[in-house]
Amino acid sequence: MSRTTVAIVGGGASGLVAAISAKRMGAKVTILERNPRVGKKILATGNGRCNLTNINADVPCYNGENPKFIYSAFSQFSVERSLEFFEGLGIEYKVEEEGKVYPMSDQASSVLDVLLYEVHRLKIEVLCDSFVQAIKPTKKGFSLDLEDGRKLSFDKVVLCAGGSAMPSSGSDGNGFELAKSLGHSTTKIFPALVQIMLEGDFFKRIDGVKFVGTVEVIEGKKVIANDRGDVLFTNYGVSGPPILQVSRKASEAREFHKKRELKLVLIDSLDKEDLRKRLDRRFRTAHSKTAEESMIGLINKRLIPVVLQEAGISDLRKKASDLSEKEKKSLLDLLTDWRFVIKGTKGWQSSQVTAGGVRTAEICADTMESKLVAGLYLAGEIVDIDGRCGGYNLQWAWSSGYIAGQNAAYA
């Protein structure tokens, strides 16, 4: 009895796990990767440490038209099973703050190494520099046309070609075009986990200034996303972990023509009334200090002139004791609620993940098989599922890839 032949289009996180899963089920598996080597994007995850997963991975941590779509894949290949899978390959892991899981080696290369070792051990064929230009259903399965003129035939295809984020890794949106050529449709696609660009003419002056505070994306009077942590001012706006976490909602503002603001709370360790009392005391006891000098020790020195000017205190040499009640209130408001107009976000090259993708309504949640084309499976970033920063997107890659590969192996 001949074995089912399975093509894995894309040798990234979901593709490698799909290949291993399918081969363990007895299929004859070939990975087709456009780059000179597989797993390039894995090496960049977790700042080179590979944030394997997150022990808190669940529906509220994911986005898309139907985040509940993850339920079936996660119930079959959960966080626990993923960690067992990698332990079986040789990865010892540790759990850090906010449930983030990393290999003990703190090297993303370790994760790729053990995946490749298993690929080679299972004798999975890997064809690099193999760019798939077209996938065509045939009576017996599929015909794949490669850029170099080769034509390959397979019984099943798992499409793991990624999204549009980090095009230098090989994910430039080609996977979406392949899916569309097979009758699939996509939701609106835009960058997520990306830096936010803001309106303002002073950002070059505070480029590189960091503070620990709260960020919120606000639409009307409603907070639609928020996070806390290290925020970094840049010459175009803001960056840092909490900015990446709320960036999807900032991207939506531009893509769906919604008016949204970014709110920064520079000082969130005190409630507003306590901060008001502290400011009053500072200004009252500042003696001969200027308004600018009186703020030293409260916020970053490079921020002081910008904050004062944005609060309407244009004369930085004005005596702190001479500040009016209106000026003091304006300064207090700005320190606890600094609003910015969102211009947009940085582009695909800077984004870590793609928001949007092939519609989940067109994919069977239990098997990851296309509802439109029998024998076609989709997994990873190409699907309209994206998660928060912190291991959530890799967990989706592992789960969806494993389930897709497992089911593609069946005759």
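# Strands, rings and a pocket in a predicted model

Strands β8 (residues 132-137) and β9 (residues 142-146) run antiparallel and are joined by five bridges. The model in which they occur is a predicted one. Within this pairing, A134 has D145 of β9 as its bridge partner. The two strands form a hairpin with four residues between them, and G141 in the turn has a positive phi of about 155 degrees.

On its other pairing, β9 meets strand β10 (residues 151-154) in the antiparallel sense over four bridges. D145 stands opposite K151 in β10, and D145 is also the bridge partner of A134. β9 and β10 again form a hairpin with four residues between them, where the turn residue G149 has a positive phi of about 100 degrees.

How many of the five residues of β9 are buried? Five of the five are, and the strand is thus mostly covered. In a regular strand, side chains alternate between the two faces of the sheet. In β9, F142, L144 and L146 point one way while S143 and D145 point the other way, and all of these residues are buried.

Strand β11 (residues 156-159) is likewise covered on both faces: K156 and V158 lie on one side, V157 and L159 on the other, and all are buried. The pairings of β11 are parallel. Four bridges link it in this sense to strand β1 (residues 5-9), with V6 standing opposite K156. Three bridges link β11, also in parallel, to strand β20 (residues 376-378), where L378 stands opposite L159.

Strand β14 (residues 210-219) pairs with β17 in the antiparallel sense over five bridges, and V217 stands opposite L262 in β17. β17 is also joined to strand β18 (residues 338-345) by four bridges, and these two strands run antiparallel. Here L264 stands opposite W338 in β18.

W338 leads on to the aromatic residues, being part of one aromatic cluster with F202, F203, F211, F233 and F340. The structure holds 18 aromatic pairs. For the rings of F202 and F203, the centres are 4.7 Å apart and the planes stand at 40 degrees, so the pair is tilted. The reasoning rests on the angle: planes under 30 degrees apart would count as stacked and those over 60 as edge-to-face, with the rest being tilted. Both partners lie inside the structure. F202 is buried with a relative accessible area of 5%, and F203 counts as buried at 2% relative accessibility.

Aromatic rings also meet charged side chains. R34 lies over the face of F131, at 4.2 Å from the ring centre. Likewise, the charged end of R49 sits over the ring of Y102, 3.7 Å from its centre.

Which elements give two or more residues to the lining of the second largest pocket? This pocket has a volume of about 200 Å³, and the elements in question are β4 (62-63), β15 (222-233), α6 (241-255) and β21 (386-387). Of the elements, α6 gives the most to the lining, with six residues. The pocket is lined by 19 residues, of which N63, A225, Q245, K249 and R388 lie nearest its centre.

Backbone geometry supplies the last step. Most residues other than glycine have a negative phi. D106, although not a glycine, has a positive phi of about 55 degrees. D106 is found in the loop between β6 (100-103) and α4 (108-121), and counts as partly exposed at 29% relative accessibility. D129 is another residue other than glycine with a positive phi, near 50 degrees. D129 is placed in the loop between β7 (125-127) and β8. At 52% relative accessibility, D129 counts as exposed, because the cut-off for that class is over 50%.

Technical notes: Residues are numbered from 1 along each chain as its sequence is written. This is a predicted model: local features need pLDDT of at least 70, side-chain atom pairs count only at pLDDT 80 or more; totals for chains, interfaces and linings use all residues. Side-chain values use heavy atoms; hydrogens and water are left out. Rings of Phe, Tyr and Trp (its six-membered ring) pair if their centres lie within 6.5 Å; planes under 30 degrees apart count as stacked, over 60 as edge-to-face and the rest as tilted. Buried means under 20% relative accessible area, exposed over 50%, partly exposed in between (1.4 Å probe, protein chains only). A charge sits over a ring if NZ of Lys or CZ of Arg is within 6 Å of the ring centre and within 35 degrees of the ring normal. Two strands pair if DSSP finds at least two bridges between them. On a 1 Å grid over the protein atoms alone, a cavity is a set of points where a 1.4 Å probe fits but cannot get out, and a pocket is an open set with protein on both sides within 12 Å along at least five of seven lines; lining residues have an atom within 4 Å of a point. Grid points are joined across faces, edges and corners, and a volume is the space filled by probe spheres set on the points.
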